[in-house]
Every structure is written in structure tokens, then in C-alpha cells.
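Colleague: Before I use this model, I would like to go through a few of its labels and ask what each one rests on.

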Amino acid sequence: MTILKILQYPDKKLRIRAQPVKEINTNIQTIVDNMFETMYDKEGIGLAATQVNIPLQIIVISNIHKYDHPLVLINPIIISKNGEKKVEEGCLSIPQQRAIITRSEYITVNALNYFGKKIKITADSLLSICIQHEMDHLIGKLFIDYLSLLKKIYIRKKIKKLAKKNDFFSKKKYKKI
């Protein structure tokens with residue numbers, strides 16, 4: 001398996017709308033396997049294919065729920081929503097930034113699984129929030145899009161400062177001891 005590069009905000013590719021997967025084959029399953037490997041390597045709980053520069057409607061979610069295995073949601077569609085919940089969210093594509101976002105507390109989703117079988121997931125709590133967050137990625141939306149303009153500007157400045165700091169350390173020459 002391969003660890004994929006996660007796109008970082010403000011990369012414009014994060015704003016691309018994902019296309020439906022037409023056929024689930026070994027190529028798609030390899031993408032899914034690599035997405036899981038990447039998500040676990042970066043200690044995430046969910047990952048959308050658009051975050052790794054693959055414009056397909058694929059989401060992977062770690063085992064944070066009542067199901068006995070991690071989830072693969074291909075071509076997911078929310079068919080019902082209910083309730084409201086405020087939660088602090090973060091994102092692998094927007095490192096070290098978090099914000100309180102309002103999401104639906106309960107959702108039902110239709111999708112295809114790893115093998116192309118139709119599945120229906122009823123989710124609440126953290127799983128519901130995670131699915132909604134990752135589905136936003138599939139339409140080019142980020143959690144910061146829910147924030148006020150002032151908060152977006154603040155996060156953008158923090159991201160630029162962090163990027164400069166990381167660039168400085170990646171270019172700095174260290175003497176061998």
C-alpha cells in the first residue's frame with residue numbers, strides 16, 4: 001500500500017467537485033486501501049478522495065462507530081437528516097486548526113461499499129459528523145466555509161504562518177553531530 005499526499009489548504013484542488021465512481025474494480029479498491037493507509041498514517045478518522053487529489057466520490061472512515069469494521073462509502077448520498085449538533089472539527093487538509101461547526105445529529109446515507117454492494121448507514125454522534133465533513137469535501141467544501149469571514153481570515157493567516165515555519169525548517173541545514 002502507498003501513503004498518499006494530502007492536499008493542504010489553500011490548494012485550489014480541494015475545491016474540485018468529485019465525480020461518481022462508475023465501476024468498482026481493483027483500481028478503485030487500491031485507491032481505497034491507499035486512502036486507509038494514508039488516513040491511519042496521519043492519525044485521522046476520515047478521509048475523502050479529493051483530499052488526496054483523486055476527484056472521485058470515495059470516503060473512508062475509521063472504526064469510530066457501532067459497525068465492526070472501518071467504513072468505505074462510494075458515491076454516498078444523504079437521504080435523511082434530523083436534529084442539530086455543534087461540534088469542534090478539524091481536518092487533515094487544514095492542519096492544527098479547529099472550529100465549532102453545526103451539523104445534523106442524525107443522518108441516513110445510501111452508498112456502495114468496497115465490493116460495490118449497496119449499503120444504507122444510519123449514523124449519529126461522531127460518525128454522523130464525520131460522514132457530513134467528508135461528504136463536504138466531495139463537493140469542494142471545507143469546514144472553514146461555515147465560519148464567519150473574520151474567523152476565515154484568522155485561520156488563513158495562521159496557515160500561512162505555519163507554512164512559512166515548515167518551509168524554513170525543511171530548508172534549514174543541520175550539522176551532523
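Modeller: In this predicted model, two residues link β4 to β5 in a hairpin.

Colleague: What makes β4 and β5 a pair?

Modeller: Pairing takes at least two bridges between the strands. Strand β4 (residues 85-91) and strand β5 (residues 94-103) have seven bridges, in the antiparallel sense, so they count as paired. Within this pair, A99 of β5 stands opposite E89.

Colleague: How do you know that β3 pairs with β6?

Modeller: By the same cut-off of at least two bridges. Strand β3 (residues 71-82) and strand β6 (residues 106-112) run antiparallel and are joined by six bridges, therefore they pair. I77, for instance, has N110 in β6 as its bridge partner.

Colleague: What joins β6 to β7?

Modeller: Seven bridges, with the strands antiparallel; β7 covers residues 118-124. At least two are needed, so this is a pair as well. A123 in β7 lies opposite I107. The two strands form a hairpin with five residues between them, and G116 in that turn has a positive phi of about 90°.

Colleague: Why is D41 called partly exposed?

Modeller: The relative accessibility of D41 is 39%. Buried would need under 20% and exposed over 50%; 39% falls in between, so D41 is partly exposed.

Colleague: Where is D41 found, and what separates D41 from L4?

Modeller: D41 belongs to helix α1 (residues 26-41).

How values were computed:
Residues are numbered from 1 along each chain as its sequence is written. This is a predicted model: local features need pLDDT of at least 70, side-chain atom pairs count only at pLDDT 80 or more; totals for chains, interfaces and linings use all residues. Side-chain values use heavy atoms; hydrogens and water are left out. Helices (H or I, at least four residues) and strands (E, at least two) are DSSP runs, numbered from the N terminus. Buried means under 20% relative accessible area, exposed over 50%, partly exposed in between (1.4 Å probe, protein chains only).
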